[in-house]
Amino acid sequence: MSYCVDISPLDKRVECWRSHFPQLRRKVHGRPLVYLDNAATSLKPRDVIEAVQQYYLRDNANVHRANHALGHASTTVYEDARKAVAQLIGAAATQEIIFTGGTTDSINALATALSKSYLQRGDVVLLSELEHHSNIVPWLELSQRMGIQLVYLPIAEDDDRVVKALEEHIERHRPRLLAVTHASNLTGRVLPIERMAEVARQYEVPMMVDGAQGVVHHRIDVAKLGLDFYAFSSHKLYGPMGIGVLYIRKKWHDVLPPFRFGGGMIDEVDYQSVSYAQAPYKYEAGTPHVAGAAGLLAAVRFLESIHWEEGLAYEQQLLRVAVDTLRKVDGIRLLGHEGGQYDPIVSVYAPKVHHYDLAVLMDQMGVAVRAGHHCVQPYLKKLGLKGTVRISLAFYNTEEEVEYCADALKRSIQILTG
Amino acid sequence: MPEVQRMGLAEKEQQLIDDLNMFDEWMDKYQFIIDMGKESEGLPDAEKTDDLLVKGCQSRVWLKAEKVGDVLVFRSDSDAIIPKGIAAMIARLYSGHTPEEILAFRPTFVEKTGLAQHLTPTRANGLSAILKRIQQYALAYKTA
Ligand SMILES: Cc1ncc(COP(=O)(O)O)c(C=O)c1O
């Protein structure tokens, strides 16, 4: 299956991509929607919507241990999704893919499992200063509950300095886990995770990567990188909400105990004893979100069918336009984008205007952007900011939309300061 | 503004509804609200204490009530201009009325001006949080 691949020039290609996203046709406040809140959640291609619908129209039945046709169909979809995800992120084995509720759920699950089998009082977990609350609060909970210590790695604009700081922090603090984001959902900054993984490997520090944003903008290869854990959500990757992934490298399967208990994850149960199934099942208790998996499978297939790499290259091109255009808007400043590698996310703030007011007016103009702290409060506080307006792009966005957004921003600032 | 004070709450509310509904375009309604925000004196920094913060707003909104004679006087502020305008609008509506009047009054301007439909749920929550805070003040001053 392929979509839009033979179409040129590029703007026609983008138009073709757009035609696969039904929401792009709707209006808000009487104006065409300009959706630039992709980092919060992406729009969904029709294939994904139809896959979820088809699942319920045709195949719905509970998975595993089913000895009837529908149960078999349902199980096939679910396990196909697992295979597709394994391929997408370069997992060495399909059982390394655990389905969860999303990134937050994945990190919570991992923190719980590590707290039972690996982390001990006084152990240091090294995070970056740019983390989303989802990759801070589960560890903070462990620090309160069992006395692990959190240390935060500063993230300079220059990758060499990040890597150097990582070495120094590892030398100084001897962390038992490195847990960092692939890319910041606030600034778009992409951490040099290949090089960081290399350092982590040298020092034998296990590494978890929060891929909520990164997986959307990079072809990653968890096996090659040697990552131990990788977490992401389907809904930011053009798939349905309510399902996500925790990649657990095989060597951890004997170390990490299950983190949820019940049906589906057992080998044998007696009234007084239980033995658990093998991974991935021992990590997936209860009835999973099969419709979500069907949608996620469709999302992965959709990305392959449009030759996703070309979408990713276009996003970078669009990002450069966005940064250049936004830089020209009087009265605002950009966070970062000064040399390091970035995903197509730009946070701006206007020293004289509240980000909330900007987003309200931009919404009136049909522009969906996000204003607030974006669940990155510690880093914002460090910068002395309360919040930003965040513009986040996807391959179905256009240069016109970016320019319209910059113009809406400009007009909003004029209205608010005029 | 002695005339304003003689007006009942319902009458004042009707005036507010008329003011807002004069504009067909939502951008103009917002401009009106922004102007209210800009004209509002706000509160001096020293008075912006955490106990005056209205919970449930996306930006920080402070609402202060004082009893002057029989009636309450509300003053408000926000670090964002649109909430500041909305808070000022509400403060102006309710200022100059007794706690009993305020408690007996059922505001309808949120629905009648389309604010309810037009604000996103979080913003609408912020607005109802301000209204609820007014009621709480009225109750506290009535029994006090
Ligand atoms: C970097 C990062 N981590 C974690 C999350 C949490 O994802 P979810 O809400 O899907 O669990 C997000 C989403 O905003 C994110 O951007």
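This is a predicted model: local features need pLDDT of at least 70, side-chain atom pairs count only at pLDDT 80 or more; totals for chains, interfaces and linings use all residues.
**Exercise 1. The disulfide**

State how many disulfides the structure holds, which cysteines take part, and what handedness the S-S torsion gives.

Solution. 
- Step 1. Over all chains the count is 1 disulfide.
- Step 2. The partners are Cys4(A) and Cys16(A), with sulfur atoms 2.1 Å apart. A pair counts as a disulfide when the sulfur atoms are within 2.5 Å.
- Step 3. The two cysteines are 12 residues apart: Cys4(A) sits in the segment before helix H1 (10-18) of chain A, and Cys16(A) in helix H1 of chain A.
- Step 4. About the S-S bond of Cys4(A) and Cys16(A) the torsion is about -75 degrees, so the disulfide is left-handed.
- Step 5. Both Cys4(A) and Cys16(A) are buried.

**Exercise 2. The ligand shell**

Describe the residues around the ligand by class, and find polar side-chain atoms that approach the ligand.

Solution. 
- Step 1. The surrounding residues include Thr103(A), Thr104(A), His132(A), Asn185(A), Asp210(A), Ser233(A), His235(A) and Lys236(A).
- Step 2. By class, the shell around the ligand has 9 polar, 2 charged and 1 nonpolar residues.
- Step 3. In the side chain of Asp210(A), an N or O atom is 2.6 Å from a nitrogen atom of the ligand.
- Step 4. An oxygen atom of the ligand lies 2.6 Å from a polar side-chain atom of Ser233(A). For His235(A), the distance from a side-chain N or O atom to an oxygen atom of the ligand is 2.7 Å.
- Step 5. The ligand taken alone exposes 390 Å², of which the protein buries 84%.

**Exercise 3. Surroundings of Ser233(A)**

Place Ser233(A) in the secondary structure and list its contacts beyond four places in sequence.

Solution. 
- Step 1. Ser233(A) belongs to strand S9 (residues 229-233) of chain A.
- Step 2. With a relative accessible area of 4%, Ser233(A) is buried.
- Step 3. Setting aside neighbours within four places in sequence, Ser233(A) is in contact with Gly102(A), Thr103(A), Ile243(A) and Gly244(A).
- Step 4. With Thr103(A) there is a side-chain polar contact of 2.4 Å. Thr103(A) is also one of the residues that surround the ligand.

**Exercise 4. Backbone geometry**

Identify cis peptide bonds and residues other than glycine with positive phi, and locate them.

Solution. 
- Step 1. Ser8(A) and Pro9(A) are joined by a cis peptide bond with omega about 0 degrees. Pro9(A) is in the segment before H1 of chain A.
- Step 2. Another cis bond runs from Ala279(A) to Pro280(A), with omega near 5 degrees. Pro280(A) lies in the loop between strand S12 (274-276) and helix H10 (290-305) of chain A.
- Step 3. Arg174(A), not a glycine, has a positive phi near 45 degrees. Arg174(A) is in the loop between helix H6 (159-173) and strand S7 (177-181) of chain A, and is among the contacts of Tyr203(A).
- Step 4. Tyr238(A) is not a glycine either, and its phi is positive at about 70 degrees. The loop between S9 and strand S10 (244-248) of chain A holds Tyr238(A). The relative accessible area of Tyr238(A) is 1%, so Tyr238(A) is buried.

Key
Residues are numbered from 1 along each chain as its sequence is written. Chains are lettered from A and ligands numbered from 1 in the order in which they are written. Side-chain values use heavy atoms; hydrogens and water are left out. Helices (H or I, at least four residues) and strands (E, at least two) are DSSP runs, numbered from the N terminus. Buried means under 20% relative accessible area, exposed over 50%, partly exposed in between (1.4 Å probe, protein chains only). A residue is near a molecule or strand if one of its heavy atoms lies within 4 Å of it. A polar contact is a pair of N or O atoms within 3.5 Å; within protein, one must be able to donate a hydrogen and the other to accept it, and residues adjacent in sequence count only if both atoms are side-chain atoms. Accessible areas come from the Shrake-Rupley method with a 1.4 Å probe; for residues, only the protein chains shown count as cover. Ala, Val, Leu, Ile, Met, Phe, Trp, Tyr, Cys and Pro count as nonpolar, Asp, Glu, Lys and Arg as charged, and the others, Gly among them, as polar. Contact means heavy atoms within 4.5 Å.
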